[in-house]
Amino acid sequence: QVQLVESGGGLVQAGGSLRLSCTASGIIFAVNTMGWYRQAPGKQREWVATITSSGMTNYADSVKGRFVISRDNAKNSVYLQMNSLKPEDTATYFCKSSLGRLERWGQGTLVTVSS
């Protein structure tokens with residue numbers, strides 16, 4: 001049974017920080033590319049950041065310089081450190097594992113940034 005479980009969301013003031021975690025089970029975590037996506041109310045889900053199995057990272061322009069994605073293969077976990085948060089970062093954040101065309105999604109964790 002594959003499971004991706006996100007945690008760490010919550011309410012934070014603009015300018016603050018949050019660290020999201022996603023722990024995977026049922027997959028060979030180390031070989032998967034892991035990503036974070038977000039979906040704001042009334043909007044489509046959008047890509048935020050990706051980290052490959054070799055540790056290469058990539059970020060959406062909207063979060064570059066503010067967010068940092070990392071992974072700990074020993075803990076089957078991927079993280080998203082979010083700094084200098086803005087109200088427009090408010091969304092449900094999802095993690096995704098990818099291996100070839102096989103993708104798995106978590107249930108999401110809500111991040112609310114107040115102005």
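Cys22 and Cys95 are both buried in this predicted model. The two residues form a disulfide, with their sulfur atoms 1.9 Å apart. Cys22 lies in strand β3 and Cys95 in strand β9, so the bond ties together parts that are 73 residues apart in sequence. A disulfide is a covalent bond between the sulfur atoms of two cysteines.

Strand β1, residues 3–7, runs antiparallel to β3, and five bridges join the two. Within this pairing, Ser7 has Ser21 of β3 as its bridge partner. Strands β3 and β8 are likewise antiparallel, joined by six bridges.

Strands β4 and β5 run antiparallel and are joined by five bridges, with β5 spanning residues 46–51. Gly35 has Thr50 of β5 as its bridge partner. The two strands form a hairpin with six residues between them. In its turn, Gly42 has a positive phi of about 80 degrees. Strand β5 then pairs with β6 in the antiparallel sense, over three bridges. Ile51 stands opposite Thr57 of β6. These strands also make a hairpin, with five residues between them. Gly55 sits in that turn and has a positive phi of about 95 degrees.

Asn58 belongs to strand β6, residues 57–59. The residue is partly exposed, with a relative accessible area of 44%. Beyond its neighbours within four places in sequence, Asn58 is in contact with Trp47, Val48, Ala49 and Thr50. The C-alpha atoms of Asn58 and Gly35 are separated by 9.4 Å, while the two residues are 23 apart along the chain.

Arg38 forms a salt bridge with Asp89, the closest N and O atoms being 2.9 Å apart. Arg38 lies in strand β4 and Asp89 in the loop between β8 and β9, so this pair ties together parts that are 51 residues apart in sequence. Arg38 is buried because its relative accessible area is 5%, under the 20% limit. Asp89 is also counted as buried, at 1% relative accessibility.

Asp89 forms a salt bridge with Arg66 as well, with the closest N and O atoms 2.7 Å apart. Arg66 lies in the loop between β6 and β7, and Asp89 in the loop between β8 and β9, so the pair ties together parts that are 23 residues apart in sequence. Both Arg66 and Asp89 are buried. A network of salt bridges links Arg38, Glu46, Arg66 and Asp89.

Lys96 forms a salt bridge with Glu103, and the closest N and O atoms are 3.2 Å apart. Lys96 is buried, at 8% relative accessibility. Glu103 is partly exposed, with a relative accessible area of 42%.

A nonpolar patch occurs on the surface. Ile28, Val31, Leu99 and Leu102 form this patch, with about 380 Å² of accessible area together. Val31 lies in the loop between β3 (18–25) and β4 (33–39). Val31 is partly exposed, with a relative accessible area of 43%.

Most residues other than glycine have a negative phi. Asn76 has a positive phi, near 50 degrees, and is not a glycine. Asn76 is placed in the loop between β7 (67–72) and β8 (77–82). With a relative accessible area of 25%, Asn76 is partly exposed. Ser84, also not a glycine, has a positive phi of about 50 degrees. Ser84 lies in the loop between β8 and β9, the latter spanning residues 91–99. At 41% relative accessibility, Ser84 counts as partly exposed.

Key
Residues are numbered from 1 along each chain as its sequence is written. This is a predicted model: local features need pLDDT of at least 70, side-chain atom pairs count only at pLDDT 80 or more; totals for chains, interfaces and linings use all residues. Side-chain values use heavy atoms; hydrogens and water are left out. Helices (H or I, at least four residues) and strands (E, at least two) are DSSP runs, numbered from the N terminus. Buried means under 20% relative accessible area, exposed over 50%, partly exposed in between (1.4 Å probe, protein chains only). Contact means heavy atoms within 4.5 Å. Patches are made of residues with over 30% relative accessible area and no salt bridge: like charges are joined within 9 Å, nonpolar side chains (Val, Leu, Ile, Met, Phe, Trp, Tyr) within 5 Å. Accessible areas come from the Shrake-Rupley method with a 1.4 Å probe; for residues, only the protein chains shown count as cover. A salt bridge is a side-chain nitrogen of Lys or Arg within 4 Å of a carboxyl oxygen of Asp or Glu. Two strands pair if DSSP finds at least two bridges between them. A disulfide is a pair of cysteine sulfur atoms within 2.5 Å.
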